[in-house]
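Let us take a friendly walk through this model together. Here are the sequence and the structure to keep beside you as you read.

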Amino acid sequence: MPLISTGDITHGARTGAAGVGAFNVVQIEHAQAIVSGAEAAGLPVILQVSENTARYHGALEPIGLASLAVARAAAVPVAVHLDHAESAGLVHEAVRLGFTSVMFDASALPYADNVAATREITAYCHGHGVWVEAELGEIGGKDGAHAPGVRTDPDEARDFVEATAVDALAVAVGSSHAMLTRDAVLDFALISRLRDAVRVPLVLHGSSGVGDTGLAAAIGAGMTKVNISTHLNKLFTRAVRAYLDTHAEAADPRAYLGPARDAVAAEVARLLDVLARPGR
């Protein structure tokens, strides 16, 4: 199946008052698991590769091309998205490789600098038919660059979207990156105010810290794209640890990475169902 744009997936979800899952790829097993889960659910999905993951692999190209290949072989619509890029050069590389969307994060900069940098990236990406997500109102827990407790102001969000022409906006409403427990308290009233203030889909980062009920309520309040990474990594690691605890002599990585991949696939399928049917 040809690659689909993140914009097409989010537009379809938003039109249907549903959410769409965006899950982070760390290694190829993650990409395979995410797509397998989406196929089991019969729903579209977004594969995300972050700047941190590109750095881990030494470059974006190896994991990026692998993710694109897995996406193209899928039986459901899959988009490949660059997540939390702070480097314009990395955005340009993602566009060259064939990513259909990017998230450019200049939220650590002063507001005016964030607007200027994001506007420039948006112009470049739109010139190549690539969808752009940006961030406003720092989300806690991201490499120390974001301040916990910050909330996105709806009026500022409206002005930011108009000034930058971005296609989606990641907002701070109470979630935090890298949470290991699913007990974040979201501000649903603020989500609704943000939905009414801006014309583009809203993105919830740090969603690993939000339980199923909170995710459904966030979508009902106005969220569309839901980013999840740490929660899946916990399941992946737990499955690896469980296998190695009972197979002390295991040497072939496929023996323990396979069960980890299966565990993530099952959870992706379950989460996609939660997001696609929030009112159930």
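A165 sits in the loop between α7 (154-164) and β6 (168-171). Helices here are DSSP runs of H or I with at least four residues, strands are runs of E with at least two, and both are numbered from the N terminus. Although A165 is not a glycine, its phi is positive, at about 65 degrees. Its relative accessibility of 35% makes A165 partly exposed, on a scale where buried means under 20% relative accessible area, exposed means over 50%, and partly exposed lies in between (1.4 Å probe, protein chains only).

A word on the ground rules: this is a predicted model, in which local features need pLDDT of at least 70, side-chain atom pairs count only at pLDDT 80 or more, and totals for chains, interfaces and linings use all residues. Residues are numbered from 1 along each chain as its sequence is written, and side-chain values use heavy atoms, with hydrogens and water left out.

**The barrel**

Now turn to the strands. Eight of them, in the order β1-β2-β3-β4-β5-β6-β7-β8, form a closed barrel of 8 strands with parallel pairing; two strands pair if DSSP finds at least two bridges between them. On average, neighbouring strands of this sheet are turned by 25 degrees against each other, direction ignored. Angles in this report run from 0 to 180 degrees between N-to-C directions, with axes being lines fitted to C-alpha atoms, for helices over the stretch in contact.

Strand β2 (residues 45-50) and strand β3 (residues 78-85) run parallel and are joined by 6 bridges. Along this pairing, V45 stands opposite V78, and L47 stands opposite V80. Strand β4 (residues 101-104) also runs parallel to β3, with 3 bridges between them, and here A85 faces F104 of β4. To get from β3 to β4, the chain passes through helix α5 (residues 88-97) in a right-handed β-α-β crossover. Right-handed means that, with the strands pointing away from the viewer, the path from the first strand over the helix to the second runs clockwise.

How many of the residues of β3 are buried? The count is 8 of its 8 residues, so β3 is mostly covered. H84 belongs to this strand and is buried, with a relative accessible area of 6%. Like A165, H84 is a residue other than glycine with a positive phi; for H84 the value is near 50 degrees.

**Helix α9 and its surroundings**

Helix α9 packs on the sheet, where it touches β7 (202-204) and β8 (223-228), and its direction makes about 145 degrees with that of β8. Contact means heavy atoms within 4.5 Å. Within α9, the buried residues are G214, L215, A216, A218, I219 and A221. Their cover includes α8 (188-197), β7, β8 and α11. After the helix comes G222, with a positive phi near 140 degrees.

**Salt bridges**

The model has 10 salt bridges, each being a side-chain nitrogen of Lys or Arg within 4 Å of a carboxyl oxygen of Asp or Glu. Three of them are listed here.

| Salt bridge | N to O distance |
|---|---|
| D212 and R270 | 2.5 Å |
| E267 and R270 | 2.9 Å |
| R277 and D273 | 2.3 Å |

Which helices does the pair of D212 and R270 link? D212 lies in helix α9 (residues 212-221) and R270 in helix α11 (residues 253-276), 58 residues apart, and the pair links distant parts of the chain. D212 is partly exposed at 25% relative accessible area, and R270 is partly exposed at 32%.

R270 also bridges to E267. These two residues are 3 apart in helix α11, which means that about one helical turn separates them. In general, an α-helix has 3.6 residues a turn, so residues three or four places apart point the same way. Elsewhere, salt bridges that share partners join D155, R158 and D159 into one network.
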